[in-house]
Amino acid sequence: MNVSRTRLALLIGLAGGLLLALVVVSPMVLISMPSFLSEGRTSIDCADTTQVEEASDSAAADIPAKYLELYKEHGDKIGVQWNVLAAVGKRETDHGRSTLPGVKSGTNSAGAAGPMQFLISTWGGKARIAMSSTFNGYASDGDGDGVGDVYNPADAILGAAKMLKRNGAPENVRQALFVYNRAWWYVDQVEAIARNYAKSGDVKLPPQAEDECDDSLVEAAPSDVVAKILQYALAQRGKPYLWGGTGPDAYDCSGVIYAAYRSAGLTIPRTTFLQWPFGVKVLEGEEQPGDLVFFNAGPGTSADNPGHVGLVVSKGKMLEARCRLCGPIKVTSYEVRGNRVGFTRPLQNPDVLEQLKKLQNPSL
């Protein structure tokens, strides 16, 4: 009996030692543990920018073939989730099948028209607009006939994709949907439809929307200084746009860049108009993280006087504070953005080079 008790005590002691070893195991060992030990977590491919989502059986059965083709085509072209775009079309007019006023002609009681239910004022002032004319709105030519027709599914779906993109998609889908129709119950309904249309049952976000991808961007920085700039800039993601803002709670496009450089001990001009001539011009294709990318956008701007700027964080990607109604500060693609003027490298400006020397040798 005593021998059995001794053996039992030894077994208990051994088990306790194993448990203690698991508790005190080093963080490096935990990082290298097999994925099945990290229950509930999925790995993110930070380099994957395709985010292709297959249509579910429900989507194939419910969405007319032509509409499904348009949702995918224009969603991919503009850079928003096609299933979110399709969910808007379903919620608004059942993909154009509704017989209510304003779908095929005229407007409804709220002034909305077409399969994606644009307000005529938001579309551009009238239902059919020559794309060669000057207008302010989302009127688009999705079928190449030169006219933006709010009742034409190809045109309307392209316009809706642009509106969702401008207001936060693909990163902040809920923000974009709320701007589309300012009611949170509407946002919830559209999101539910979008999940049902996706084979994965989800609304996928691009890698740049995930915090887990920030470290890889910082680690890939060409220098320690650029790493500090990126680390600060990425930490501002999700904060609101504020014209003239330099933080810490809100920023405008040039303000977040100004603050990011300042976090690394460097001073550059505050505004976009002054940042453009400040940096050394960089040829397209030779830009790198820490450089600035400029756009001919906003009042009083031109090819030689760009009004919008983003911070390059990786090839094809920038961090930007775009506008008050465009959603929060986020990482987006500059390759698909029109009106791009060019790139500059503030770190090559003579004044900044002097600042870098003093940072490296304070006695100078």
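Two strands pair if DSSP finds at least two bridges between them. The model shown in these views is predicted.

**View 1. Strand E8 pairs with strand E9 in the antiparallel sense.** Four bridges join E8 to E9, residues 330–333. Within this pairing, Glu320 stands opposite Lys330 of E9.

**View 2. Strands E7 and E8 form a hairpin.** E7 covers residues 308–314 and pairs with E8 over three bridges, in the antiparallel sense. Ser314 stands opposite Lys317 of E8. Two residues lie between the strands. In this hairpin, Gly316 takes a positive phi near 85°.

**View 3. Side chains of strand E8 point two ways.** E8 spans residues 317–320. Lys317 and Leu319 point one way, Met318 and Glu320 the other. All four of these residues are buried.

**View 4. Helix H12 is largely enclosed by the rest of the structure, because nine of its eleven residues are buried.** The buried residues are Cys253, Ser254, Gly255, Val256, Ile257, Tyr258, Ala259, Ala260 and Tyr261. Their cover includes helix H11 (224–235), H13, strand E6 (292–295), E7 and E8. Just after H12, Gly265 takes a positive phi of about 85°.

**View 5. Thr271 sits in the loop between helices H12 and H13.** H12 runs over 253–263 and H13 over 272–278. Thr271 has 30% relative accessibility, so it counts as partly exposed. Tyr258, in contrast, is among the buried residues of H12. Thr271 and Tyr258 are 13 residues apart in sequence. Their C-alpha atoms are 8.1 Å apart in space.

Methods. Residues are numbered from 1 along each chain as its sequence is written. This is a predicted model: local features need pLDDT of at least 70, side-chain atom pairs count only at pLDDT 80 or more; totals for chains, interfaces and linings use all residues. Side-chain values use heavy atoms; hydrogens and water are left out. Buried means under 20% relative accessible area, exposed over 50%, partly exposed in between (1.4 Å probe, protein chains only). Contact means heavy atoms within 4.5 Å.
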